[in-house]
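Q: I'm new to this structure and would like to learn how to read it. Could you show it to me and walk me through it?

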Amino acid sequence: MDCPDILSGNISQSATLTSGNSSSDPVSFILLGIPGLENSQFGVAFPFCAMYVVALVGNITLLHVIRTDSTLHEPMYLFLAMLATTDLVLSTSTQPKMLAIFWFHDHEIEYHACLIQLFFIHAFSSVESGLLMAMALDCYVAVCFPLHHSSILTPSVVGKLGAGVMMRGLLWVSPFCFLVSRMPFCPSRIIPQLYCEHMAVLKLVCADTRVNRAYGLFVAFSVVGFDIIVISVSYVMILRTVLQLPSGEARLKAFGTCASHICVILAFYIPALFTFLTHCFGHHVPRVVHIMLAILYLLVPPMLNPIIYGVRTKQIRDRVIQRCCGKDP
């Protein structure tokens, strides 16, 4: 997401090209890593590697269990499979390069590879937000219209929702890369980050970037703003329905249907919010804090999502235990 500082366009003194390159595109960029931790980055990488392994194993396990168990081919689990796929793409688009920087000092990233990484990070962050919105709608229908849940959210409807969320992410983020690729870059190729993201790359542009920043603001509000509104309205309606149930046990059971989803929402939006706020208003916050928050935003949700659903969802937990013990479902 971009900071709403639209008027502070990055107007350069010149559009000097990188030495030896005949176009306005640099050959490559240098990902600086974590400033101040150069001597300890080798050790810092191990916790991030462990989180990445947990994310890979957890999400692949979820996909395998949902794919092989026909009883889990329901809207909630189909959305969960889409979320697991998105988490795999989101984490894999950044973590291997981060670990290469930490362990092998491989700081250079090719220009087009940087733009591809930028696209995947922003596009699939948008997809994840959209899937959380779709899962909120699923919770709303399940709690408020339980008798009509299967007729409202048919496999066809679920597929169309997933495809719509995917297309929104791809179409909304594609102009980021198109606009950046048509702009001249300054001689400096250093990105003070561990990965390529929109605002960091824009700071290397030797031209007026107000259009890019305005479009980034539009995407941030049209995607995240819309999703949060839909999620909020869904849960207001769910809360109204739950509070009208006659017994405390029934209320607890109904609200427990969406407990895992609430945890996943918090795991995604809280790191995103802190990253956004420190980027926009935390000008006196040390850069190492900015970078660590950005890493957590990209790594914590993919790691926590399969753990939350695996622990809190009885059907998935039982299937995983059965497969680990070598028993048939």
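**Reading the model**

A: Let's start with helix α3: 7 of its 10 residues are buried, so α3 is largely enclosed by the rest of the structure. Buried means under 20% relative accessible area, exposed means over 50%, and partly exposed is in between (1.4 Å probe, protein chains only). Helices (H or I, at least four residues) and strands (E, at least two) are DSSP runs, numbered from the N terminus. Bear in mind that this is a predicted model, where local features need pLDDT of at least 70, side-chain atom pairs count only at pLDDT 80 or more, and totals for chains, interfaces and linings use all residues. Residues are numbered from 1 along each chain as its sequence is written, and side-chain values use heavy atoms, with hydrogens and water left out.

Q: Which residues of α3 are buried?

A: They are Gln95, Lys97, Met98, Leu99, Ala100, Ile101 and Phe102.

Q: How many helices and strands are in the chain?

A: The chain has 12 helices and 3 strands. Of its 329 residues, 48% are buried. Now for contacts, meaning heavy atoms within 4.5 Å. Among those with a separation of 6 or more, 81% join residues 24 or more positions apart.

Q: What sits in the loop between α2 and α3?

A: Ser93 does, with α2 covering 75-92 and α3 covering 95-104. Ser93 counts as buried because its relative accessibility is 16%. Its side chain reaches the backbone oxygen of Leu90 at 2.7 Å. That is a polar contact: a pair of N or O atoms within 3.5 Å, where within protein one must be able to donate a hydrogen and the other to accept it, and residues adjacent in sequence count only if both atoms are side-chain atoms. Setting aside residues up to four places away in sequence, Ser93 touches Gln117, Phe120 and Ile121.

Q: Is His105 buried or exposed?

A: His105 is exposed, because its relative accessible area is 55%.

Q: What shows where empty space is left among the atoms?

A: A cavity is a set of points, on a 1 Å grid over the protein atoms alone, where a 1.4 Å probe fits but cannot get out; its lining residues have an atom within 4 Å of a point. Grid points are joined across faces, edges and corners, and a volume is the space filled by probe spheres set on the points. By this rule there is 1 cavity of 30 Å³ or more, and the largest cavity holds about 50 Å³ of space.

Q: Which residues line the largest cavity?

A: Met76, Met135, Asp138, Cys139, Thr257, His261 and Tyr309 do. Helix α4 (residues 111-144) gives the largest share of the lining, 3 residues. By type, the lining has 4 nonpolar, 2 polar and 1 charged. Ala, Val, Leu, Ile, Met, Phe, Trp, Tyr, Cys and Pro count as nonpolar, Asp, Glu, Lys and Arg as charged, and the others, Gly among them, as polar.

Q: Where is His261, one of these lining residues?

A: His261 is in helix α10 (residues 259-281). His261 counts as buried because its relative accessibility is 1%. A polar atom of its side chain lies 2.8 Å from the backbone oxygen of Leu132. Beyond four places in sequence, His261 touches Leu132, Met135, Ala136, Cys139, Tyr235 and Tyr309.

Q: What does Leu80 contact?

A: Leu80 lies in helix α2. Apart from neighbours within four places in sequence, Leu80 is in contact with Leu62, Ile66, Met135, Tyr309 and Ile316. Leu80 and Leu132 are 52 residues apart in sequence, and their C-alpha atoms are 9.3 Å apart in space.

Definitions and conventions. 1 Å grid on protein atoms, 1.4 Å probe; cavity = no way out; pocket = protein on both sides within 12 Å on 5 of 7 lines; lining within 4 Å.
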